[in-house]
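Open the model in your viewer and keep the selection tool ready. We will go through it one stop at a time.

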Amino acid sequence: MAKIGKTLLKLDNVTMKFGGVTALNGVNLEVKEGEILALIGPNGAGKTTVFNVITGVYKQTSGIVNFDGISLGNQKRYQVTALGVARTFQNIRLWGDMTALENVITATDVHKKSGLVGALFGLPRARREEAENRERAMEILRFIGIDEYSDRLAKNLPYGVQRRLEIARALGTSPKLVLLDEPAAGFNPAEKVELAATIKKVRDAGYTVLLIEHDMSLIMGISDRVVVLDFGTKIADDIPSVVQNDPRVIEAYLGVPADAS
Amino acid sequence: MKIRNYWNLRDFGASIWENAGRPMRVAIVLISILLVGLLPFMGGSFLATPIASFDAVLVYPVGMFVLMSLGLNIVVGKSGMLDLGYVAFFAIGAYTMAILGTTTKLNTWEIMPIGIAFAMIAGVLLGIPTLRLRGDYLAIVTLGFGEIVRLVVLNSTWSKGPNGIANIPMPPHFGPLKFELENQRLFFWVVMAMILLTIWMIRRLTVRRPGRAWEAIRQDEDAAELMGVHTLKYKIWSFTLGAAVGGAAGVLYASKNLYIAPEMFTLNVSILILACVVFGGIGNIWGVIIGATILGYLPDRIRFISDARLLVFGLVLVIVMNFRPDGLLPRKKREKAIVKKGANA
């Protein structure tokens with residue numbers, strides 16, 4: 001078990017409004033180094049919106065997002081990635097016409113310096129960085145356990161492998177924090193068990209994980225802490241066993257029992 | 001009913017190339033260059049074009065179309081941005097040559113880098129504000145840009161307005177080899193050299209980081225940006241490199257034609273070059289070359305049927321696009337990484 005360290009990501013009173021709709025309402029959230037934090041909530045609770053605010057897809061209406069001592073408010077999306085936040089997508093968004101390996105290599109480019117001129121004239125640094133990227137990408141594919149698919153086009157891969165490739169691609173950017181958006185969507189129970197092991201492995205390799213997931217048994221098994229959102233508001237934030245029995249969480253998911261009202 | 005891939009020339013060619021060793025590859029390249037270089041001597045054969053002289057047709061439209069299509073392919077094929085104003089860069093190159101050639105003592109080769117630079121600057125200036133747009137919106141803005149450039153030269157005194165600029169000097173001769181109007185072999189070889197240089201550039205870039213960035217942008221721009229690709233930068237690079245090739249073609253065109261006027265730089269040219277790219281196979285260098293060659297050559301080859309030739313030309317386009325909707329030689333669906341060999345993991 002990895003040691004849980006200082007606060008890596010901090011959302012301070014973040015509000016996100018789309019016209020008249022308040023998707024997030026004063027959300028406070030802390031992710032600590034080395035932990036697996038699960039973000040759960042009913043449909044439309046604002047989970048993916050949290051991801052989109054962190055990665056710069058949306059600019060929050062108010063509040064501060066602080067990552068590793070840097071405010072993400074004015075960073076462009078690619079800069080957020082360069083700072084060390086990587087994500088996967090709920091609906092798979094790989095580059096289908098690229099091979100699995102290329103998908104990861106493209107992500108590893110983010111920390112490399114060589115650009116167009118180096119590539120054009122085959123300058124030594126560009127050549128070295130290409131070799132490093134390739135090696136690193138292969139390493140990541142092996143780590144996630146999908147290296148046998150490295151030369152297959154992403155769009156031709158089986159669904160489960162595509163989901164894993166999304167994680168591999170996110171790791172390609174050498175992030176400090178990995179945001180996984182429903183990585184187990186559409187998985188059968190056996191695949192979910194396998195995925196849980198992978199996520200643990202990712203955390204044990206030194207990455208911090210923030211995870212959106214619907215499958216309770218998966219979350220209870222791997223997460224160190226669970227945050228529950230409902231209608232854009234945080235209603236619980238504790239260790240899994242406590243959250244599981246929190247009456248407000250049960251209410252949000254199942255509704256109030258008839259005899260209680 | 002779909003009839004497709006009954007004959008797969010692309011994979012056939014690719015398999016020969018991939019199975020060849022290095023000496024074999026060098027031989028293939030040299031022999032191909034030699035054969036293409038000998039084309040101007042084929043004027044007496046079945047290839048002959050009635051009315052227009054064969055070596056002139058090889059330079060313009062064929063060679064120029066190939067060059068410009070390769071340039072446009074960087075923008076449209078590699079990074080997936082629809083550019084309908086490509087003729088603007090061609091015009092900028094041509095007018096740079098015309099004005100500097102008639103007012104200064106600089107020769108074509110000295111003006112060439114200046115023309116390319118101007119086209120690239122125009123590419124950057126247009127790119128920075130507009131490349132935040134996508135798809136149809138970008139197409140409309142570039143279409144407008146193409147028209148603006150034409151209207152500016154049409155209505156300005158420095159460009160001599162609709163009269164155009166005449167007496168543009170020919171390139172100086174290379175030793176014993178002279179550029180002549182009657183014999184355009186030398187022009188053809190220069191265009192060929194420029195095409196080879198462009199192919200080299202594209203191939204170099206596509207196997208490395210810029211090519212991957214373009215590919216990622218083409219397939220899913222949002223995902224690319226969220227994975228750390230500086231999308232705006234790479235889109236501007238793509239646009240600028242395309243502009244550079246268009247500018248270079250323009251300089252040579254002006255110096256070959258000796259006279260240019262705004263009516264040569266209409267939207268039709270942009271559309272025709274785009275047609276070459278789509279007809280040959282978007283994103284595939286060899287497809288684009290074949291497409292541009294056919295679309296450049298065909299109208300002159302069938303000139304003997306005079307008025308009906310445009311009809312035939314249109315029919316050929318429609319029929320081919322029906323049978324091969326992805327172009328003659330579509331983009332290869334590789335199952336192999338875009339990385340240089342030798343970097344073994």
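Why is H3(B) largely enclosed by the rest of the structure? This is a predicted model, and burial gives the reason: 25 of the 25 residues of H3(B) are buried, so the helix is largely enclosed by the rest of the structure.

**Stop 1: chain B, residues 54–78.** Select helix H3 of chain B, which spans these residues. Look along its axis to B:Leu72, where the helix bends by about 40 degrees. Then step past the end of the helix to B:Gly80, which follows H3(B). Its phi is positive, near 70 degrees.

**Stop 2: the domains of chain A.** Colour chain A by its domain assignment: domain 1 is 1–84 + 175–261, and domain 2 is 97–173. Their C-alpha centres lie 27 Å apart. Ten residues from domain 1 and ten from domain 2 make up the contact. On the domain 1 side, select helix H2 (77–83), E7 and helix H7 (189–204) of chain A; each gives two or more residues to the side that touches domain 2. That side of domain 1 divides into six nonpolar residues, three polar and one charged.

**Stop 3: A:Val178.** Now select strand E7 (residues 177–181) of chain A and pick out A:Val178 within the strand. Is A:Val178 buried or exposed? A:Val178 is buried, because 24 other C-beta atoms lie within 10 Å. Show its contacts beyond four places in sequence: A:Ala86, A:Ala170, A:Leu171, A:Val202, A:Tyr207 and A:Val209. Finally, draw a distance from A:Val178 to A:Thr99, 79 residues apart along the chain. Their C-alpha atoms are separated by 22 Å.

Note on methods
Residues numbered from 1 in each chain as written. Chains lettered and ligands numbered in written order. Predicted model: local features only at pLDDT ≥ 70, side-chain atom pairs only at ≥ 80, totals over all residues. Bend = angle between axes of the 7 residues up to and from the residue. Helix = DSSP H or I, 4+ residues; strand = E, 2+ residues; numbered from the N terminus. Buried ≥ 20, exposed ≤ 12 C-beta atoms within 10 Å, placed from the backbone. Contact = placed C-beta atoms within 7 Å. Domains from an automatic or database assignment. Nonpolar A, V, L, I, M, F, W, Y, C, P; charged D, E, K, R; others polar.
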